[in-house]
Amino acid sequence: MDMDKVDQIIDKHNCEASSLIQVLLDIQGANNWLPKEALDRVAERLQVPLTRIQHIATFYKAFSVVPKGRHGVHICLGTACHVRGASRILDTVQDITGLNPGETDLDLKFSLETVNCLGCCALGPVMEVDGKVYGKMAPAKIADALKNYD
Ligand code: FES
């Protein structure tokens with residue numbers, strides 16, 4: 001990650017230790033994950049111990065300390081989606097991307113996760129990519145949907 005960008009984010013928050021979480025959220029938003037060198041820079045400039053930053057970065061689900069793909073794919077395995085064939089949706093996404101849940105591909109294109117409910121059960125089975133919901137999903141429609149992302 002470009003350290004100038006990290007510095008800009010820190011400057012935007014006036015280098016305040018009290019803005020630590022907001023600084024981390026902005027870095028996460030700009031880069032999709034929190035690289036070690038970015039955390040080192042935040043620790044140094046905000047004068048916050050690195051151990052405290054690491055604790056926050058690994059505790060909150062909003063943060064990732066490992067590389068994430070440019071596109072987050074979520075497959076719902078909640079009850080309503082499960083009874084409508086969610087496992088076949090997951091199998092097909094796994095076949096197409098080569099990923100297991102929790103993994104990111106080497107091109108950092110997709111990160112695949114399973115979730116327990118996306119709050120739109122009537123549309124099940126549901127796949128969500130970058131916040132866009134694909135409802136009433138069928139295995140045959142998945143390749144076409146994923147083609148829209150690069
Ligand atoms: S169970 Fe899948 S959206 Fe609710």
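**Helix 2 and the cysteines**

Just after helix 2, N32 adopts a positive phi of about 75 degrees. The model is predicted. Helix 2 itself has twelve residues. From first C-alpha to last, helix 2 reaches 16 Å, close to the 16 Å expected at 1.5 Å a residue.

Within helix 2, the buried residues are L20, V23, L24, D26, I27 and Q28.

Q28 lies in helix 2, which spans residues 20-31. The relative accessible area of Q28 is 12%. This value is under 20%, so Q28 counts as buried.

The cysteines were examined next. A search of the whole structure finds zero disulfides. For C120, the closest cysteine sulfur is that of C81, 6.8 Å away. A disulfide requires cysteine sulfur atoms within 2.5 Å. The sulfur of C120 is therefore too far from that of C81 for a bond. C120 is buried, because its relative accessible area of 18% falls under 20%. C15 has a relative accessible area of 29%. That value lies between the 20% and 50% limits, so C15 is partly exposed.

Notes: Residues numbered from 1 in each chain as written. Predicted model: local features only at pLDDT ≥ 70, side-chain atom pairs only at ≥ 80, totals over all residues. Heavy atoms only, no water. Helix = DSSP H or I, 4+ residues; strand = E, 2+ residues; numbered from the N terminus. Buried < 20%, exposed > 50% of the residue type's maximum accessible area, 1.4 Å probe, protein only. Expected span 1.5 Å × (residues − 1).
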